[in-house]
Number of protein chains: 2
Amino acid sequence: MAATIKDIAKYTGLSISTISKYLNGGNVLEANRKLIEEAIQTFDFKVNEMARGLRTNRTMTVGVLIPSLENIFFTSIVSNIESILLKEGYSTIVCDYKEDPQLEEKKLQFLFDKMVDGIVLMPLPDNDNLVKTVIARKTPLVLIDRLIHNVDCDVVLVDNLNASYNAVEQLIIRGHRRIGIIAGPQNIYTAQERLKGYIRVFEDYGLKIDPALIKHGDYQIESGHKLLLELMENEKPPTAVYVTNYEMTIGSIIAINENNIRIPDDLSFIGFDNQDLARIVKPALSIVVQPVQQIGETAAQVLLKRMSKDQRGFPLVTRLKTELLIRDSLKKVES
Amino acid sequence: MAATIKDIAKYTGLSISTISKYLNGGNVLEANRKLIEEAIQTFDFKVNEMARGLRTNRTMTVGVLIPSLENIFFTSIVSNIESILLKEGYSTIVCDYKEDPQLEEKKLQFLFDKMVDGIVLMPLPDNDNLVKTVIARKTPLVLIDRLIHNVDCDVVLVDNLNASYNAVEQLIIRGHRRIGIIAGPQNIYTAQERLKGYIRVFEDYGLKIDPALIKHGDYQIESGHKLLLELMENEKPPTAVYVTNYEMTIGSIIAINENNIRIPDDLSFIGFDNQDLARIVKPALSIVVQPVQQIGETAAQVLLKRMSKDQRGFPLVTRLKTELLIRDSLKKVES
DNA sequence: TTCGGTTCGCGAAACGTTTCGTTTTTTGTT
DNA sequence: AACAAAAAACGAAACGTTTCGCGAACCGAA
């Protein structure tokens with residue numbers, strides 16, 4: 001059905017190997033080049049990637065494995081990775097493991113069985129061994145968003161610690177001392193970092209932290225809602241709150257509005273991740289914006305580099321900066 | 001490096017073709033079967049899908065093409081499709097086309113170049129020709145969520161019309177007559193259907209529709225926010241509002257809370273898609289819930305059927321029912 | 001025991017490429 | 001015009017499977 005190299009050879013009167021050479025960027029007589037291109041046009045010839053892969057042991061396929069496909073932050077990154085890789089002719093197999101370590105392993109195995117040329121992984125914590133076995137298999141691997149300790153591996157991170165530091169610092173500068181934080185699950189790397197930033201800035205300013213103002217949620221809308229209310233029910237409620245992911249920011253906003261908490265008069269507020277929210281909510285929210293596009297692009301580029309056998313600079317740790325959008329949700333208080 | 005059929009043959013003393021037969025479910029002597037399985041174990045043998053594909057013209061890969069990877073409704077469906085297909089050994093290449101018709105065509109072409117065995121597509125409107133060309137190529141295709149007219153094709157839909165009908169009917173039953181709707185873009189199939197349901201139930205009850213209460217948004221948070229406020233600024237504001245997707249529901253909720261509109265006293269409210277929201281918002285929201293899991297599973301199953309050359313019942317139109325969760329956001333009024 | 005019918009196993013060709021060593025053509029120099 | 005060197009084209013083998021037609025082995029019935 002579909003045209004093969006043979007058809008092109010026949011049409012042009014050249015040999016199969018010459019066509020192959022052309023296809024792979026080799027030199028060919030000008031006249032022949034034109035002829036070949038003409039043939040490719042008329043037959044609408046496409047290289048059969050499977051035949052090629054059989055010879056070369058490359059599939060032109062990369063696997064992307066993320067914790068969940070139901071989280072916009074993750075899928076936006078995937079979207080960007082995919083765009084870049086597609087330009088280079090790679091297809092992207094996207095899998096999620098629904099935050100389940102067993103599934104993470106299974107899906108990773110699946111990707112190996114499919115002989116992907118490279119893998120982008122957003123790993124679970126406590127699964128160092130898994131990552132180690134991947135590395136042992138020599139398949140290029142780029143981690144994103146979450147760091148695994150004691151393992152040499154290319155990784156693209158966000159500087160979550162300083163993201164928090166800067167956000168909370170802005171609150172401190174404005175005189176706030178009782179600052180609540182709605183942090184993420186304790187075993188997740190990004191959540192740990194975001195909390196560390198909060199703690200460090202307090203230390204740097206020589207201020208004391210009230211443990212009652214630190215709340216751990218599960219990164220879902222519902223816990224944002226619940227924890228914000230818990231914070232406000234404190235006998236000495238915070239004058240400012242910093243929420244550390246998108247879903248919990250939505251939850252918090254809903255709680256705030258429901259309870260007629262006035263921003264920024266009753267409470268100064270800094271949220272996370274989504275510019276839309278910042279625009280909509282009145283008064284405009286201040287938020288920490290992650291460089292989603294850059295994360296995806298960087299991960300894709302590092303992976304491409306490794307897949308082309310370029311090992312320079314290994315392991316490459318890219319730490320991207322967040323942006324702090326200051327809007328109208330912050331107020332000065334006397335401290 | 002990796003073990004091949006040859007290694008298994010050597011180990012067992014059988015011929016390559018016998019091993020192949022076993023691998024493809026053929027009959028083999030009990031003793032040999034055990035021997036082969038033992039060999040496969042010890043070598044950790046995996047069929048080379050590329051070699052197999054070269055012979056059989058199958059890639060064991062399906063393409064899923066959706067408008068955007070940044071929409072939870074879409075990606076949840078993808079997640080479910082992927083789970084089912086993976087069980088059957090298929091990998092899923094997920095692409096999005098960022099709501100851009102040009103890109104839709106390009107990515108579809110890309111999937112063809114990758115010789116996927118099947119495609120799940122959530123198409124743009126006004127692109128009937130694209131779908132027709134896909135069908136002409138004989139690659140199994142399942143459409144989801146959006147119908148294309150004048151084209152015979154398997155499709156998995158949600159009964160959006162009756163979803164709206166039932167939702168709005170509940171409002172009418174409770175005495176509401178001025179019911180606002182925040183509908184989607186006019187050229188999107190699901191949006192049209194959801195609006196039709198609204199219109200039909202008014203007709204069936206012999207009520208008149210006030211065009212000022214019909215607002216068209218773009219399915220984004222921001223337009224939900226804006227349009228809800230527009231509705232309420234009407235000189236005769238609605239007593240109830242029905243919002244037709246997730247993002248706009250969030251936007252509306254934020255607007256409602258910001259403006260201290262009391263639900264259900266000032267306004268009865270029915271939203272769309274997300275159970276989380278229903279739980280969080282006080283009072284609990286009534287919402288239309290789409291059967292996301294079923295959509296994905298059904299699409300995957302129909303596609304599997306077609307990929308195994310089973311053409312029974314073509315074209316299969318599956319129309320799934322939504323669920324209407326009635327909670328505390330509805331109030332009776334005298335009409 | 002023999003024979004027909006099944007079941008199982010085998011060998012070889014084929015799928016569409018790439019690659020490598022060799023041959024042919026082109027180019028440049030004298 | 002002749003020759004060497006460089007460039008281009010060629011032919012064949014190989015990648016790891018499936019498939020198909022045959023032959024071998026086995027079974028039960030007569």
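This is a predicted model: local features need pLDDT of at least 70, side-chain atom pairs count only at pLDDT 80 or more; totals for chains, interfaces and linings use all residues.
Is Cys95(B) buried or exposed in this structure? The points below take up that question and then move on to the domains, strands and individual residues.

1. Cys95(B) counts as buried, since its relative accessibility is 0%. The sulfur of Cys95(B) lies 14 Å from the closest cysteine sulfur, which belongs to Cys95(A), and that distance is too far for a bond. A disulfide would require the two sulfur atoms to be within 2.5 Å.

2. Over all chains, the count of disulfides comes to zero. Cys153(A), accordingly, takes part in none, and the nearest cysteine sulfur to it, that of Cys95(A), is 18 Å away. Cys153(A) is itself buried, with a relative accessible area of 7%.

3. Cys95(B) sits in strand β2 of chain B (residues 91-96), where Ser91(B), Ile93(B) and Cys95(B) point one way while Thr92(B), Val94(B) and Asp96(B) point the other way, and all are buried. Because six of the six residues of β2(B) are buried, this strand is largely enclosed by the rest of the structure. In a regular strand, side chains alternate between the two faces of the sheet.

4. The partner of β2(B) described here is strand β1 of chain B (residues 61-66), and the two strands pair in the parallel sense over six bridges. Within this pairing, Val64(B) stands opposite Val94(B) in β2(B). The chain passes from β1(B) to β2(B) by way of helix α5 of chain B (residues 72-87), in a β-α-β crossover that is right-handed.

5. For chain A, the domain assignment gives domain 1 (5-47), domain 2 (59-158 + 292-321) and domain 3 (160-290). The C-alpha centres of domain 1 and domain 2 of chain A are 36 Å apart.

6. Strand β9 of chain A (residues 268-272) is likewise largely enclosed by the rest of the structure, because five of its five residues are buried. Ser268(A), Ile270(A) and Phe272(A) point one way from β9(A), whereas Phe269(A) and Gly271(A) point the other way.

7. β9(A) has parallel pairings with two strands that deserve a look in the viewer. Strand β8 of chain A (residues 240-243) is joined to β9(A) by three bridges, with Val241(A) opposite Phe269(A), and the chain crosses from β8(A) to β9(A) through helix α11 of chain A (residues 246-258) in a right-handed β-α-β crossover. Three bridges also join β9(A) to strand β10 of chain A (residues 286-289), again in parallel, and here Ile270(A) stands opposite Ser286(A). Together with helix α12 of chain A (residues 275-280), β9(A) and β10(A) make a right-handed β-α-β unit.

8. Glu258(B), in helix α11 of chain B (residues 246-258), counts as buried at 19% relative accessibility, a value to be read against the cut-off of under 20%. The side chain of Glu258(B) makes a polar contact of 3.1 Å with the side chain of His225(B). Leaving aside neighbours within four places in sequence, Glu258(B) is in contact with Asn257(A), Ile280(A), Val281(A) and Lys282(A) as well as His225(B).

9. Leu231(B), found in helix α10 of chain B (residues 221-233), is buried, with a relative accessible area of 1%. Not counting residues up to four places away in sequence, Leu231(B) touches several residues, including Ile181(B), Ile182(B), Leu213(B), Pro237(B), Pro238(B) and Val241(B). The C-alpha atoms of Leu231(B) and Ile179(B) are separated by 9.8 Å, although the two residues are 52 residues apart along the chain.

Definitions and conventions. Residues are numbered from 1 along each chain as its sequence is written. Chains are lettered from A and ligands numbered from 1 in the order in which they are written. Side-chain values use heavy atoms; hydrogens and water are left out. Buried means under 20% relative accessible area, exposed over 50%, partly exposed in between (1.4 Å probe, protein chains only). Domain bounds come from an automatic or database domain assignment. Helices (H or I, at least four residues) and strands (E, at least two) are DSSP runs, numbered from the N terminus. Two strands pair if DSSP finds at least two bridges between them. A crossover is right-handed if, with the strands pointing away from the viewer, the path from the first strand over the helix to the second runs clockwise. A polar contact is a pair of N or O atoms within 3.5 Å; within protein, one must be able to donate a hydrogen and the other to accept it, and residues adjacent in sequence count only if both atoms are side-chain atoms. Contact means heavy atoms within 4.5 Å.
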